[in-house]
Amino acid sequence: IRAWLTGIDEKKIARKKHELTGKKLQQAIEYWQFVLRKFQQKGVTMTVLIMPEIEYLANKRAHQKVRQGRVVLAREAAKLGIPVLDSNAVFANDFKQSGVPAIGFVNTHYGRGHINAYGHHILAAWLDSQRDVILR
């Protein structure tokens with residue numbers, strides 16, 4: 001059994017854009033500790049998947065965004081021995097090679113939003129290569 005955890009609503013608890021400080025940072029830590037321990041108590045084998053957040057730039061360059069909430073999740077999962085797979089580098093490296101955005105859609109905003117069909121292909125291939133971590 002795998003549990004794919006989604007991010008907390010950082011916008012509601014962030015003082016500045018993507019910044020968690022003081023009490024809000026502690027709330028995020030406590031939130032993830034509670035969620036992750038709850039799954040462990042139920043005997044769920046987990047792998048945390050951090051979905052990509054990439055800013056596509058000219059000349060096949062990509063900037064990997066790092067939200068603090070995701071860092072908190074990864075750190076708390078690691079403390080509990082839960083594997084964390086962060087797909088940011090995979091997507092950034094693919095863009096540097098192919099120049100094809102794997103996030104966003106031509107009819108809305110390329111480079112923003114949900115991963116597109118190409119992104120699903122990249123993610124599936126990468127997750128397949130990580131099956132030993134996922135199915136441990």
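## Salt bridges across the chain

A salt bridge is a side-chain nitrogen of Lys or Arg within 4 Å of a carboxyl oxygen of Asp or Glu. In this predicted model, Arg 70 and Glu 53 form such a pair, their closest N and O atoms being 3.5 Å apart. The pair links distant parts of the chain, since Arg 70 belongs to helix α3 (residues 68-79) while Glu 53 sits in the loop between β1 (48-50) and β2 (54-57), 17 residues apart. Arg 70 has a relative accessible area of 25% and is therefore partly exposed, whereas Glu 53, with a relative accessible area of 15%, is buried.

The whole structure holds four salt bridges. One of them joins the side chains of Glu 76 and Lys 79, with an N to O distance of 3.2 Å; these two residues both lie in helix α3, three residues apart, or about one turn of the helix. An α-helix has 3.6 residues a turn, so residues three or four places apart point the same way. Another salt bridge brings together the side chains of Arg 131 and Asp 128 at 2.8 Å, N to O, and here Arg 131 is partly exposed with a relative accessible area of 43%, as is Asp 128 at 42% relative accessibility. Salt bridges that share partners also join Arg 75, Glu 76 and Lys 79 into one network.

## Overall arrangement

The protein chain contains six helices and four strands, which follow one another along the sequence in the pattern α-α-β-β-β-α-β-α-α-α. Of its 136 residues, 36% count as buried. Among the contacts in the protein chain with a separation of 6 or more, residues 24 or more positions apart account for 65%.

## The β2-β3 hairpin

Strand β2 pairs with strand β3 (residues 61-64) in the antiparallel sense, over four bridges. Within this pairing, Tyr 56 has Ala 62 of β3 as its bridge partner. Three residues lie between the strands of the hairpin, in which Asn 59 takes a positive phi near 60°.

## Nonpolar cores

The largest nonpolar core comprises 16 residues, of which Ile 54, Phe 91, Leu 123 and Leu 127 touch the most other members. The elements that give two or more residues to this core are β2, α4 and α5 (117-129), and α5 gives the most, with four residues. Leaving aside neighbours within four places in sequence, Leu 127 is in contact with Leu 49, Leu 85 and Ile 134. A second, separate core has 13 residues, including Ala 28, Val 44, Val 48 and Leu 73.

## Helix α5 and its buried face

The 13 residues of α5 should span 18 Å at 1.5 Å a residue, and the end C-alpha atoms of the helix are 19 Å apart, which agrees with that expectation. Gly 119, Ile 122, Leu 123, Trp 126 and Leu 127 are buried in α5. Seen down the axis of α5, its buried residues fall within an arc of 125°, so they line one face of the helix.

On the other side of α5, Ala 117 and His 121 are exposed. The cover over the buried residues of α5 includes β1, β4 (84-86), α4 and α6 (131-134). Two of the residues buried in α5, Leu 123 and Leu 127, are also among those that touch the most other members of the largest nonpolar core.

Technical notes: Residues numbered from 1 in each chain as written. Predicted model: local features only at pLDDT ≥ 70, side-chain atom pairs only at ≥ 80, totals over all residues. Heavy atoms only, no water. Buried < 20%, exposed > 50% of the residue type's maximum accessible area, 1.4 Å probe, protein only. Core = buried A, V, L, I, M, F, W, Y, C linked by side-chain atoms within 4.5 Å. Contact = heavy atoms within 4.5 Å. Pairing = 2+ DSSP bridges. Expected span 1.5 Å × (residues − 1). Arc of directions from axis to C-beta.
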